[in-house]
Amino acid sequence: MHNHPDQPQQTAPTAAGPAQPAPPAQADATDPQTQQQGDGNAPRRSDRPEPRPERPLKPALRRGWRRRCPNCGSGPLMKGFLKVRDHCPVCRETFSHHRADDGPAYLTILIVGHLSAPLMGSVWMAWQPEPLVLFTVFAIGTVALSLYLLPRLKGAMVAFQWARYMHGFGADGA
């Protein structure tokens, strides 16, 4: 009879009496349950890193939305339309390790799509404009709204990462 190492071993009944469970195996030194039992390997309170000060989220998001540094609020966050600066020219906060990736584009599409689709249906049902007029107005509107939202959402996403110490923000202990 083959047992898995994590399962308790079972024994067959013997002539001397009923089956007795096998004694438990010795605890492994790398077993987390053993370390929790106070074997001296658990980190002492003095070995734990100090908790980082909490960064306020709402002011950081407002500053990021305005494309300003989430730390000081006065330095520009962006170097171009979507290019994030490596650091703030005012307070020297580093932004080079942000990871906004496709998040701002996804949020822009989500917001613009959820606003324009029902609005387009409502305009069609209410006034039934010529299809070319409807297309032209909504094409210009969706492009304009997308261009407005994209850099602001990117700034807010970088500010969110800064406020939550994500992706290396605050790795220097600050």
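Q: Which residue follows α3, and what makes its phi stand out?
A: Helix α3 is followed by Gln128, whose phi is positive, near 45 degrees. Keep in mind that this is a predicted model.

Q: How do you know which pattern the chain follows?
A: Read along the sequence, the elements run α-α-α-α.

Q: How do you know whether the span of α3 agrees with its number of residues?
A: Set the two values side by side: 25 residues at 1.5 Å a residue should span 36 Å, and the end C-alpha atoms of α3 are 36 Å apart, so the span agrees.

Q: Why is Thr108 called buried?
A: Its relative accessible area is 4%. The cut-off for buried is under 20%, so Thr108, at 4%, qualifies. Thr108 is found in helix α3, which covers residues 103-127.

Q: What is Thr108 in contact with, leaving aside its neighbours within four places in sequence?
A: Its partners are Ser146, Leu149, Leu150 and Leu153.

Q: Which residues of α3 are buried, and what do they pack against?
A: Gly103, Pro104, Thr108, Val112, Ser116 and Val123 are the buried ones. These buried residues of α3 pack against α4. Across the whole chain of 174 residues, 24% are buried.

Q: Why does Leu119 count as partly exposed?
A: Its relative accessibility is 48%. Partly exposed lies between the buried limit, under 20%, and the exposed limit, over 50%, so 48% places Leu119 in that class. Leu119 also belongs to helix α3.

Q: How do you know how the reach of α4 compares with the expected value?
A: Helix α4, residues 131-163, has 33 residues and reaches 46 Å from its first C-alpha to its last. At 1.5 Å a residue, 48 Å is expected, and the reach is close to that.

Q: What describes the packing of α2 and α4?
A: Two packed helices are described by the angle between their axes and the distance between the axes. For α2 (residues 57-65) and α4, the angle is about 150 degrees and the axes are 7 Å apart. The crossing of α2 past α4 is right-handed.

Q: Which residues make this contact, and how do they divide?
A: From α2 come Leu57, Ala60, Leu61, Gly64 and Trp65. The α4 side includes Tyr148, Leu149, Arg152, Leu153 and Gly155, with Phe160 and Trp162 also among them. The residues of the contact divide into 12 nonpolar, two polar and one charged.

Q: Why is Arg152 called buried?
A: Its relative accessible area is 15%. With the cut-off at under 20%, the value of 15% is enough, so Arg152 is buried. Arg152 is found in helix α4. Leaving aside its neighbours within four places in sequence, Arg152 is in contact with Gly64, Trp65 and Arg67.

Q: How do you know where Arg152 and Pro104 stand relative to each other?
A: Their C-alpha atoms are 8.4 Å apart in space, while the two residues are 48 residues apart in sequence.

Note on methods. Residues are numbered from 1 along each chain as its sequence is written. This is a predicted model: local features need pLDDT of at least 70, side-chain atom pairs count only at pLDDT 80 or more; totals for chains, interfaces and linings use all residues. Side-chain values use heavy atoms; hydrogens and water are left out. Helices (H or I, at least four residues) and strands (E, at least two) are DSSP runs, numbered from the N terminus. The expected span of a helix is 1.5 Å times one less than its number of residues. Axes are lines fitted to C-alpha atoms, for helices over the stretch in contact, and angles run from 0 to 180 degrees between N-to-C directions. A crossing is left-handed if the near helix is turned anticlockwise from the far one by less than a right angle, and right-handed if clockwise. Contact means heavy atoms within 4.5 Å. Ala, Val, Leu, Ile, Met, Phe, Trp, Tyr, Cys and Pro count as nonpolar, Asp, Glu, Lys and Arg as charged, and the others, Gly among them, as polar. Buried means under 20% relative accessible area, exposed over 50%, partly exposed in between (1.4 Å probe, protein chains only).
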